[in-house]
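Open your viewer and get ready to click around. We'll go stop by stop, and at each one you'll hear what to select and what is there.

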Amino acid sequence: MSDRETENNDDPIDHEPVDDGATTDVEASPDSVIPAKVLQDFSQGFKQANRKVKTFPQSPGVYLMKDSAGVVIYVGKAKNLRSRASSYFLKAASEDARTADWIGDIADIDFVETESEVDALLMESRLIKDIQPRNNKELKDDKSFPYLMITTREEFPRVEVTREPPSKGVKLYGPFTSAGALRGAIQVMQRIFKFRTCSLDISESDEKWQWFRPCLLASINQCTAPCNFRISKEDYRRDIKRLQTFLDGGKTKLLREMRGEMKDASKALDFERAAILRDEINMIERLEERGELDTHAQPEVFYIDPQKGLAGLKKVLGLSEMPRVIEGVDIAHLGGNETVASLVQFIDGLPFKPGYRRFRIQEVKGIDDFRSIYEVVSRRFRGLSDRQEAFPDVLLIDGGKGQLNAAMAAFRDQDIQPPTVISLAKRDEEIFRPGISEPLRLSKNAFALRLLQYVRDESHRFAQHYHHILRSKSSLER
């Protein structure tokens, strides 16, 4: 059994009524169709729009709903335009509180096809900002919109999300309506283009950087680590140029250029470079197939701004810097005979699925959460230490003071300096810290607590998922 799981969850976005994960037309059973009596109250335009969506392509894109005056009243994105747009003409949409009040105003519907779901997200955000349709509820507040910013005056340009971009020295994309969704898109693109998102001031002429220890993103091959001179300035800038070409809508042009580079590398017998280019081309070509955007961002689940959660953690835990990487550990039992553990990883307040790990507990017989926590923490951090990989900023253990003490004993016995380690007890949502007898109690609405609950609940879900895999396998083997 692999210690890694990659999931492709096709969860619905919170402002859209149904899942569009299917790749075929919506199958409208009699119970799902809008009743004829209700349909009589809708305009002829609504009925024409209903027929029109059946001709939409089954590909990613953006759809625009209009009223009888031709005014755009709603903009949405989809992995499957026909499936998503058709869902607004089903009975569920006429009964859903989020859509029931305005779907009767639909008199026409149009679409714009895109190359990938990420492209659809970026286009949707731009259109909502420009058009401001009355039924896109997220536009009702006065909050400034985020931008994707690429610095242009640094030797090794960085990519970040900002709400207050400078007027010079940057290349901007946006504005976008959702900072969380934008960060999710950046995670997808970073797996391909491997740019840095840190704020380090890196200079090629400063030799100290060759001794610098890169962060976790380098260990998981999501950054080329210019902070350690693992990539030249020229090669790094070439990667940034590719990112810009992609963001400017030039996916086809980018792929053509990369195939040319791969061919040249092969002719020059630089097969390692050719293989890297081949893999990057495959990732770009398959970007829209993996559904990774919703998997990483999960806007329907994460109901706070992750940056507020991280800022809250920095304050309540007394950290010197804003935490970027949080890992959560949970234990599950298989009928008392088998114990499994999960480790989930969050980067910048969002789940990072490639960093998830699963462990079958090997040295503990029966049910013993404390010894199981001890084993999984020992195995995880001994491995990171041996490979000289970066530790998370915060390690969250599911449980109370006993579970926390077991984790700290693992660090002590392995002679490893721990990161910030805390535990979260579910009964009263108390936070325990090493060496402090009294737990930390936060308001149930505190952003820091909500973020910790999200990490804890995700680690529990992931542990139970592995639990069910082993239980099914055990049943089959019997």
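Before the first click, one term: two strands pair if DSSP finds at least two bridges between them. Strands (E, at least two residues) and helices (H or I, at least four) are DSSP runs, numbered from the N terminus. Strands of a sheet pair through backbone hydrogen bonds, either parallel or antiparallel.

Keep in mind that this is a predicted model: local features need pLDDT of at least 70 and side-chain atom pairs count only at pLDDT 80 or more, while totals for chains, interfaces and linings use all residues. Residues are numbered from 1 along each chain as its sequence is written, and side-chain values use heavy atoms, with hydrogens and water left out.

**Stop 1: a sheet**

Select Met 65 and look across to strand 3, where Ile 109 stands opposite. Now widen the selection to strand 1 (residues 61-66), which pairs with strand 3 in the antiparallel sense over 6 bridges. Zoom out and you have an open sheet of 3 strands, in the order 2-1-3 and with antiparallel pairing. Strand 2 (72-78) and strand 3 (108-113) are the edge strands, each pairing on one side only. On average, neighbouring strands here are turned by 20° against each other, direction ignored; for angles, axes are lines fitted to C-alpha atoms (for helices, over the stretch in contact), and angles run from 0 to 180 degrees between N-to-C directions.

**Stop 2: another sheet**

Next, pick Tyr 147 and find its bridge partner in strand 5, Thr 162. Strand 4 (residues 147-151) pairs with strand 5 in the antiparallel sense over 4 bridges. The open sheet here has 3 strands in the order 5-4-6, with antiparallel pairing. Its edge strands are strand 5 (159-162) and strand 6 (170-173). From one strand to the next, the twist averages 30°. Helix 8 packs on this sheet, touching strand 4, strand 5 and strand 6, and its direction makes about 150° with that of strand 4.

**Stop 3: two helices**

Select helix 8 (residues 233-247) and helix 9 (residues 251-267): they pack at an angle of about 150°, with their axes 8 Å apart. That makes helix 8 roughly antiparallel to helix 9 (angles under 35 degrees count as roughly parallel, over 145 as roughly antiparallel, 65 to 115 as roughly perpendicular and the rest as oblique).

**Stop 4: a proline in a loop**

Go to the loop between helix 7 (216-219) and helix 8, where you'll find Pro 226. Is Pro 226 buried or exposed? Pro 226 is buried, with a relative accessible area of 1% (buried means under 20%, exposed over 50%, partly exposed in between, with a 1.4 Å probe and protein chains only). Leaving aside neighbours within four places in sequence, Pro 226 is in contact with Phe 156, Arg 196, Ile 202, Ile 231 and Tyr 236.

**Stop 5**

How many disulfides does the structure hold? There are 0 (a disulfide is a pair of cysteine sulfur atoms within 2.5 Å). Cys 198 counts as buried at 19% relative accessibility, and Cys 227 is buried at 8%.

Technical notes. Contact means heavy atoms within 4.5 Å.
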